[in-house]
Amino acid sequence: MQSSLTQRQVLDIVSAIGYRILRFGGEANRAEDTVTRIGRAYGMNEVHVFAIATSLLITVEKDGESMTQTRRISRVSTDLDKLDKINSLSRKICSAETDFDTIMYHIREIDKGPQYSPLLGIFAYALVGGSFSVFFGGGLYEFIVGFFVGALIRFVKKGAEFLQSPPFVTNAAGAAATVSLIKICTFFFPSLNISATTIGVLMILVPGVLLTNCIRDFVATDYTAGTAKIMETLLVAVAIALGVGVSVFWR
Amino acid sequence: MGSMIIAVLSAFFATLGFAILYNVRGKNLFIASLCGAFGWICYLVCDAFVDSTMLPYFVAGASIALYSEIAAYAFHSPATLFLTPGFIPLVPGGAVYRAMEACLQGDISGFAEGMVNTLKIGGSIVLGIILMSSLFRLIRSGIKTVKTKNAKIKRHS
């Protein structure tokens, strides 16, 4: 297919899209696949792409000329809605040729996309904490305690992120705050089912995106990306365990 | 029966919370939340008929993967959108916690038992998801190959 876009423009587009897929919580394989498809659709003879969770390396080749760009993904900000929109944008530009400025305009529009308000974010933490406390065998009291402790964990996590603490410290602090706050709550609700509430609130800290992407990377035979994610998940688990270990002091 | 309904409902709302955290919006929010509830229903149904710890988790993992792949196909969205929140209720948080509790009490055999139990559950879920996702990849790449082959044959003749 002949394309009106220059090689340089195609490279800019695929880098921008691939970078966003990885940043918004897509799998490494999705980034590689999308970049290859768009590159081919816009007349590149060869597209070589290598993606892991933290970096992206793209070379496009046309008429014997090759160009390379790399992107470093330093901070993942999971946003599955934007991932969905980037995905449908790349479908659209693959099926019908679009000019450079329009594509870049769409990408900028997606970046500006809506996000839930901070208040709803706190409510989501509270909902997860409360629901999981019931899920693991709690009753009404466990729901109430899980609800409020979950909301407070949001502040702990946001505070840690504000201080730019490493994820390990953030998770350990979240887990430590959870067990400590629930211990305090037992003074008001002596019959509280401590284990159900603790498990319920700790579920907030589960790195869901990492876990699913890790599995899907292995399915797609991206073992490098998958192994890195396994290590990260294990580190989060160790951090949470360390935080729970604080409860030794409260006995 | 009542406790089962409560468990499924709480799985639904917990998944909803996670979907909000991951900024899933619009109708996808409901579909993703349903994924978590669906996984737990499949777990409970299988658990009622089979006397095994691993098989119900395997079935639940396979069913959420199937659900999200079908939803992804129907709504032209990435399967991660539904699988990531739906996966959360299956995470064996309880087993890990009990292992950790045993460890803190100095009960090493209890800790080892708990960790093995966690690995069994986690492995079954992951195996279920891997099986279904691989199957879907196979179907997709199979359809693509057949289509391109057909196009080539047409061009030659």
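Two residues are in contact if their C-beta atoms, placed from the backbone, lie within 7 Å. Helices (H or I, at least four residues) and strands (E, at least two) are DSSP runs, numbered from the N terminus. This is a predicted model, in which local features need pLDDT of at least 70 and side-chain atom pairs count only at pLDDT 80 or more, while totals for chains, interfaces and linings use all residues. Residues are numbered from 1 along each chain as its sequence is written, and chains are lettered from A and ligands numbered from 1 in the order in which they are written.

**Stop 1: chain A**

Select chain A. Its C-alpha trace spans about 75 × 30 × 30 Å along the principal axes. Chain A holds 10 helices and three strands, in the sequence order α-α-β-β-β-α-α-α-α-α-α-α-α. Of its 251 residues, 47% count as buried (20 or more other C-beta atoms within 10 Å of the residue's own; exposed means 12 or fewer, and partly exposed in between).

Colour residues 7–111 and 118–250 of chain A separately: these are domain 1 and domain 2, with bounds from an automatic or database domain assignment. Their C-alpha centres lie 33 Å apart. Eight residues of domain 1 are in contact with 10 residues of domain 2.

Next pick Glu65(A), in strand 3 (residues 65–72) of chain A. Glu65(A) counts as exposed because it has 9 C-beta neighbours inside 10 Å. From there to Arg216(A) is 34 Å, C-alpha to C-alpha, across 151 residues of sequence.

**Stop 2: the nonpolar core**

A nonpolar core is a set of buried Ala, Val, Leu, Ile, Met, Phe, Trp, Tyr and Cys residues joined through C-beta atoms within 7 Å. The largest one has 117 residues, and Val128(A) and Phe82(B) have the most contacts inside it. This core draws at least three residues from each of the two domains of chain A.

**Stop 3: from Val128(A) to chain B**

Show helix 5 (residues 118–135) of chain A with helix 1 (residues 2–21) of chain B: they pack at about 155°, with axes 8 Å apart. The pair is therefore roughly antiparallel (angles over 145 degrees; under 35 is roughly parallel, 65 to 115 roughly perpendicular and the rest oblique). Axes are lines fitted to C-alpha atoms, for helices over the stretch in contact, and angles run from 0 to 180 degrees between N-to-C directions.

**Stop 4: around Phe82(B)**

What is Phe82(B) in contact with, leaving aside its neighbours within four places in sequence? The list is Ile31(B), Ala32(B), Cys35(B), Tyr67(B), Ser68(B), Ala71(B) and Ala72(B).

Now show helix 2 (residues 27–49) and helix 4 (residues 80–87) of chain B, which pack at about 45° with axes 8 Å apart. That angle makes helix 2 of chain B oblique to helix 4 of chain B. Asn28(B), Ile31(B), Ala32(B), Ser33(B), Cys35(B), Gly36(B) and Gly39(B) in helix 2 meet Leu81(B), Phe82(B), Pro85(B) and Gly86(B) in helix 4.

**Stop 5: a second pair between chains**

Finish with helix 8 (residues 194–202) of chain A and helix 5 (residues 93–104) of chain B, whose axes come within 10 Å and cross at roughly 120°. Helix 8 of chain A is therefore oblique to helix 5 of chain B. Ser195(A), Thr198(A), Ile199(A) and Leu202(A) in helix 8 of chain A meet Gly93(B), Gly94(B) and Tyr97(B) in helix 5 of chain B.
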